[in-house]
Amino acid sequence: TYSKEAFRHFVSARLGSARICRRSFSDDEQSRNQQAFKWRKPLGQYSGINIYNHAMRQKVPLVLRNPQMVTWYTCGPTVYDSAHLGHASTYVKVDILQRILRDHFKINLVTAMNITDVDDKIINRARLSGIDWLKMARAYESEFRQDMLRLNVQPPDVRCHVTTTMPSIVQFIQELIKDEKAYVTPDKSVYFDVSKSQHYGKLQRLGQSEEEKTDPAKKNSSDFALWKSRQASSNEPTWAAPWGGEGRPGWHIECSAIAGLFFGSQLDFHAGGLDLRFPHHENEEAQCCARYKTDQWVNYWIHTGQLSMVGDKDKMSKSLGNTISVSEMLKEYSADEFRMACLLSNYRNAMPYSEQLMMTARQTLQRFKNFQADLSAYTQFLKPIHLLDEGALKAQLAHTVNEFDSSLRDDFDTARAISILIDQMSSISRCINEQHVNAENEPAFCIDLLLAAGNFINRAMVTFGVSELVQRESLQEKISSQAHGIDSSLLVDDVLTIRGRMREKATSGEVKNSQLLAACDELRNLLQQHGIQVRDHKQGSSWVFAVSCPAPDDKSKSSAE
């Protein structure tokens, strides 16, 4: 037991070392509340898909509240500068996931995105540039949309500007004030009262903090702005507020109000970069749980891994000056190559950007194109055909289809899915390129099975948003060709037929005609400069549009070899 004097000394020492601060979200009581929260599985139909839940630190089942309609909201850009690869990786990864749900799992997604067109960064950038803030925002928004189209990112079903949804944002804030979840400060700003949010910090699993309250207008150190009042000397854009004065919305309230406007009191999916998980997504969740009187507004948060330059520990960011614009990247690589780079890792993983990564993506994509070209050559009898093991091919195709589906059901594991497709391609390539004897078990030509496998692989890549591996003539191209009497595909075929006769004549005698073979090589290189890759076979040549167009002195096999 302690004496009274010892006890007083102990208490005095503890108080002397204590920091004087207002209530923080991470004090003992709030930590207990946060730790008590557990993700709640929605009521509905299990999709057979499992998704990683950051708060739970584990995969959870995807249950559809309404199998006929699934809602998805994505945080859009703040349009004050050109989009860079950090933005691109997020939107391409989100696009891949949405395509998988729509096209592979046949889920009817309804998608929305905001455009932040009024913000401190926009206002400051416009002021420094001496141009109108809204005109600048619209210009960068137009550029962003063009970048997304060039990256083959499907647009959301609806985009919504902050400036055009101001009444909904104001109404949302009014409801929070009325329910005493937010408060108005003397200067007519509005803050969200974090102490009224029972489970604040649940997405990030926040620990204790001794953060001091630096703003005297705040009740708690972690309270955040819903509405910023206009400063007397400011010339920034503002809107009238029913609680008095003029101002504009804070960052976090925009997405809550816009998503709530379209999807109401519960949202199936909400996506954004991992860097938005806190504070942006945490604050969105707190606002909407307070507004709709629930403890779980979003059922499934999707956070994509951040892109950074190899060797740089920081994410790619405009504020850090370590960015590469989408336009700059597309001068060196194609949209399909960048998408393949995103496919080669899980959407949650960090993406270290480098020339090596992009060359791996380029080579992988070319491997898919070369496979389709070889398969086409085989089924058009440009290669010797063999009797193959029909039973083995059937079993392998069934295995590929099942494993591909299983990989996507496991938190959209596109890296494993790509690996499964490559295994199938490698097996078929061995059959059509290396097998010189007929199969003994269940021998058959199996042209139908080979084409079925090729179709499945092509559809899988299209599902991921990659351009078709098999070149198909569009109606526009057909009309244009008919108008000019030119069919580009037939033209290339005829050129290769003549080249094939030249090669055959050059090698028919006892001594090869080196001049004729050199002319064949020159013709092949000329076609390659125009994006057409020629592949020579024993019984002719086939061609495919190349992913990239290397110089004529590349490693392609010479006709003389």
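Author: Let us start with a salt bridge, meaning a side-chain nitrogen of Lys or Arg within 4 Å of a carboxyl oxygen of Asp or Glu. Lys178 makes such a bridge with Glu175, and their closest N and O atoms are 3.5 Å apart. This is a predicted model, in which local features need pLDDT of at least 70 and side-chain atom pairs count only at pLDDT 80 or more, while totals for chains, interfaces and linings use all residues. Residues are numbered from 1 along each chain as its sequence is written, and side-chain values use heavy atoms, with hydrogens and water left out.

Reader: How many residues apart are Lys178 and Glu175 in helix 6?

Author: Helices (H or I, at least four residues) and strands (E, at least two) are DSSP runs, numbered from the N terminus. Helix 6 covers residues 166-178, and because Lys178 and Glu175 both belong to this helix, their spacing amounts to about one helical turn, that is, 3 residues.

Reader: Is Lys178 buried or exposed?

Author: Buried means under 20% relative accessible area, exposed means over 50%, and partly exposed lies in between (1.4 Å probe, protein chains only). Lys178 has a relative accessibility of 60%, and it therefore counts as exposed.

Reader: Which residue forms a salt bridge with Arg138, and why is Arg138 called partly exposed?

Author: Arg138 counts as partly exposed because its relative accessibility is 31%. The closest N and O atoms of the pair are 3.7 Å apart, and the partner is Glu141.

Reader: Which residues are linked with Arg138 and Glu141 in a network of salt bridges?

Author: Side chains of opposite charge can pair when their charged atoms come close. Here the bridges join into a network, in which Arg138 and Glu141 are linked with Asp117 and Arg145.

Reader: What is the N to O distance between Asp95 and Arg99, and how many salt bridges does the whole structure have?

Author: Asp95 and Arg99 both lie in helix 3, 4 residues apart, which is about one turn of the helix, and both are buried. Their side chains meet in a salt bridge with an N to O distance of 2.6 Å. A search of the whole structure finds a total of 28.

Reader: Which strand gives the most to the lining of the largest cavity?

Author: A cavity is found on a 1 Å grid over the protein atoms alone, as a set of points where a 1.4 Å probe fits but cannot get out, and its lining residues have an atom within 4 Å of a point. The largest cavity holds about 170 Å³ of space and is lined by 18 residues, among them Trp39, Asn53 and Trp301. Strand 1 (45-53), helix 8 (277-292) and strand 12 (298-304) each supply at least two lining residues. With 5 residues, the element that gives the most is strand 12.

Reader: What is the volume of the second largest cavity?

Author: The second largest cavity is lined by 15 residues, with Gln98, Met113, Val153, Gln154 and Pro156 nearest its centre. Helix 3 gives the most to this lining, with 4 residues. A volume is the space filled by probe spheres set on the grid points, which are joined across faces, edges and corners, and for this cavity the volume is about 130 Å³.

Reader: Where does Phe445 lie, and what accessible area does its nonpolar patch have?

Author: Phe445 lies in the loop between strand 16 (443-444) and helix 14 (447-463), and it counts as partly exposed because its relative accessible area is 43%. A nonpolar patch joins side chains of Val, Leu, Ile, Met, Phe, Trp or Tyr within 5 Å, using residues with over 30% relative accessible area and no salt bridge; accessible areas come from the Shrake-Rupley method with a 1.4 Å probe, and for residues only the protein chains shown count as cover. Phe445 forms its surface patch with Phe381 and Ile385, and together they have an accessible area of about 280 Å².

Definitions and conventions. 1 Å grid on protein atoms, 1.4 Å probe; cavity = no way out; pocket = protein on both sides within 12 Å on 5 of 7 lines; lining within 4 Å. Patch = residues over 30% accessible without salt bridge, like charges linked within 9 Å, V, L, I, M, F, W, Y side chains within 5 Å.
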